[in-house]
Amino acid sequence: MDHRWGFLIGFLGAVGLLGSGHGGQQPPETAAQRCFCQVSGYLDDCTCDVETIDKFNNYRLFPRLQKLLESDYFRYYKVNLKRPCPFWNDISQCGRRDCAVKLCQSDEVPDGIKSASYKYSEEANNLIEECEQAERLGAVDESLSEETQKAVLQWTKHDDSSDNFCEADDIQSPDAEYVDLLLNPERYTGYKGPDAWMIWNVIYEENCFKPQTIKRPLNPLASGHGKSEDTWLEKIWGHNITEFQQRFDGILTEGEGPRRLKNLYFLYLIELRALSKVVPFFERQDFQLFTGNKVQDAENKMLLLEILHEIKSFPLHFDENSFFAGDKKEANKLKEDFRLHFRNISRIMDCVGCLKCRLWGKLQTQGLGTALKILFSEKLIANMPESGPSYEFHLTRQEIVSLFNAFGRISTSVKELENFRNLLQNIH
């Protein structure tokens, strides 16, 4: 398995921030060249080139995707930020205001989302066998409507599936609350120091598939990096050119920075491919982006399908069959190892002491996990019935919201790279 899988596991660092070696050669003249000179042309082992991705994302996809993510269906995400860390007890909670998360009041969330998080169609909610109902209703919140209880029971099988790549929150828990993602944007919070570094270190060193030659990320606690971090506390929001150079400059990172940027594009292609493969699920007539506002829901589904058809038209999709090629038995073992490692990452998110960082970490790991689940469910998607409930393959509202918002963050990162290129042009 190639070195990029290490990035797939530890992708949060590069994505959050955006909100090879020089050897004995003469260094490029500008800062932009030092960061981007190797980030062009074809990506390793892919038929797609960086320039095609930039043009497709920045001008055809990004504007419409942002509009979709501002809609009620995609802006409200239910999350349990009180789950205890399963790995260690001494978590230092970030007390900074920027680390806090503003939770939704009950009357701020559309009724359709609160009462029917699992609702996709009338037919789907009415086809649950009575024997299942009798066996499982005791485990469901009795305050929910009968219709919603039925739907909850049906998708319990799905949530327990061995194909899931994440350990998702129990959204029926009294500790799970809705968050408005637009009011809690992902950005730098000031969360740093030994605890923050320990999280990233555990992810990268203990849960990544990577050759020993791949250098670990820059330690912000190491000599020479603390001073530049302190300047972040000035609260001037904008493009941090200095930090960008420290993370991605080919010379300053001993060749590792451009590799990270290439991995960002690789991750973009992974999630883009997943969205192209799951189109039939969303095209089903009885699928709804249900919030209770029929007019808005219909308009948003139309926009969603426009975006998905645009994605499907992308000419240079990544070939997911190269994920685990080779001996079938070995490939299955690698897939299972990868799934378990990724599930472990989702559990580590509960150890993050910054609540806003934890929120976006949980959302993006669930989003990427959902993308991987889609890519490994090609036959199940192909066999879905055209109408009625799909028992073999299904996505919950949580998975849908996280899938598109996670891709939205990657899409934003690719868009921001264009801004950084321009800003660095005249810097030497």
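**Close-up 1. The disulfide between Cys94 and Cys99.** A disulfide, defined as a pair of cysteine sulfur atoms within 2.5 Å, joins Cys94 to Cys99, with an S to S distance of 2.1 Å. The torsion about the S-S bond of Cys94 and Cys99 is about 65°, so this disulfide is right-handed. Cys99 has a relative accessibility of 1% and therefore counts as buried; buried means under 20% relative accessible area, exposed over 50%, and partly exposed in between, with a 1.4 Å probe and protein chains only. The structure is a predicted model, in which local features need pLDDT of at least 70 and side-chain atom pairs count only at pLDDT 80 or more, while totals for chains, interfaces and linings use all residues. Residues are numbered from 1 along each chain as its sequence is written, and side-chain values use heavy atoms, with hydrogens and water left out.

**Close-up 2. The disulfide between Cys85 and Cys351.** The sulfur atoms of Cys85 and Cys351 lie 2.0 Å apart and form a disulfide. This pair links distant parts of the chain, 266 residues apart: Cys85 is in the loop between strand 1 (76-80) and helix 6 (111-115), and Cys351 is in the loop between helix 16 (328-348) and helix 17 (355-375). Helices (H or I, at least four residues) and strands (E, at least two) are DSSP runs, numbered from the N terminus. About the S-S bond of Cys85 and Cys351 the torsion is about 75°, so the disulfide is right-handed. Both Cys85 and Cys351 are buried. The count of disulfides comes to 2, and, with the bonded cysteines of the chain numbered in sequence order, the pairing is 1-4, 2-3.

**Close-up 3. Two further cysteines, Cys48 and Cys166.** Cys48 has a relative accessible area of 1% and is therefore buried. Cys166, at 12% relative accessibility, also counts as buried.

**Close-up 4. The salt-bridge network of Arg83, Asp169, Asp350 and Lys362.** These four residues are linked in a network of salt bridges, a salt bridge being a side-chain nitrogen of Lys or Arg within 4 Å of a carboxyl oxygen of Asp or Glu. The side chains of Asp350 and Arg83 meet in a salt bridge with an N to O distance of 3.4 Å. Asp350 lies in the loop between helix 16 and helix 17 and Arg83 in the loop between strand 1 and helix 6, so the pair ties together parts that are 267 residues apart in sequence. Asp350 and Arg83 are both buried. Asp350 also forms a salt bridge with Lys362, whose closest N and O atoms are 2.7 Å apart. In this second pair, Lys362 is in helix 17 and Asp350 is in the loop between helix 16 and helix 17, 12 residues apart. Lys362, like Asp350, is buried. A search of the whole structure finds 19 salt bridges.

Close-up 5. Arg339 and Glu336 meet through their side chains in a salt bridge of 2.8 Å, N to O. The two residues are 3 residues apart in helix 16, so they are separated by about one helical turn. Arg339 counts as buried because its relative accessibility is 9%, whereas Glu336, at 33%, counts as partly exposed.

Close-up 6. Helix 19 (residues 397-424) has 28 residues and reaches 40 Å from its first C-alpha to its last, close to the 40 Å expected at 1.5 Å a residue; the expected span is 1.5 Å times one less than the number of residues. Of its 28 residues, 23 are buried, so helix 19 is largely enclosed by the rest of the structure. The axes of helix 12 (residues 241-248) and helix 19 come within 11 Å and cross at roughly 105°. Axes are lines fitted to C-alpha atoms, for helices over the stretch in contact, and angles run from 0 to 180 degrees between N-to-C directions. Helix 12 and helix 19 are therefore roughly perpendicular to each other, a term covering angles of 65 to 115 degrees, with under 35 roughly parallel, over 145 roughly antiparallel and the rest oblique. The contact (heavy atoms within 4.5 Å) is made by Ile241, Phe244 and Gln245 of helix 12 and by Leu417, Phe420, Leu423 and Leu424 of helix 19.

**Close-up 7. Asn422 of helix 19.** Asn422 is found in helix 19 and is exposed, with a relative accessible area of 53%. The C-alpha atoms of Asn422 and Ala32 are 7.7 Å apart in space, although the two residues are 390 residues apart in sequence.
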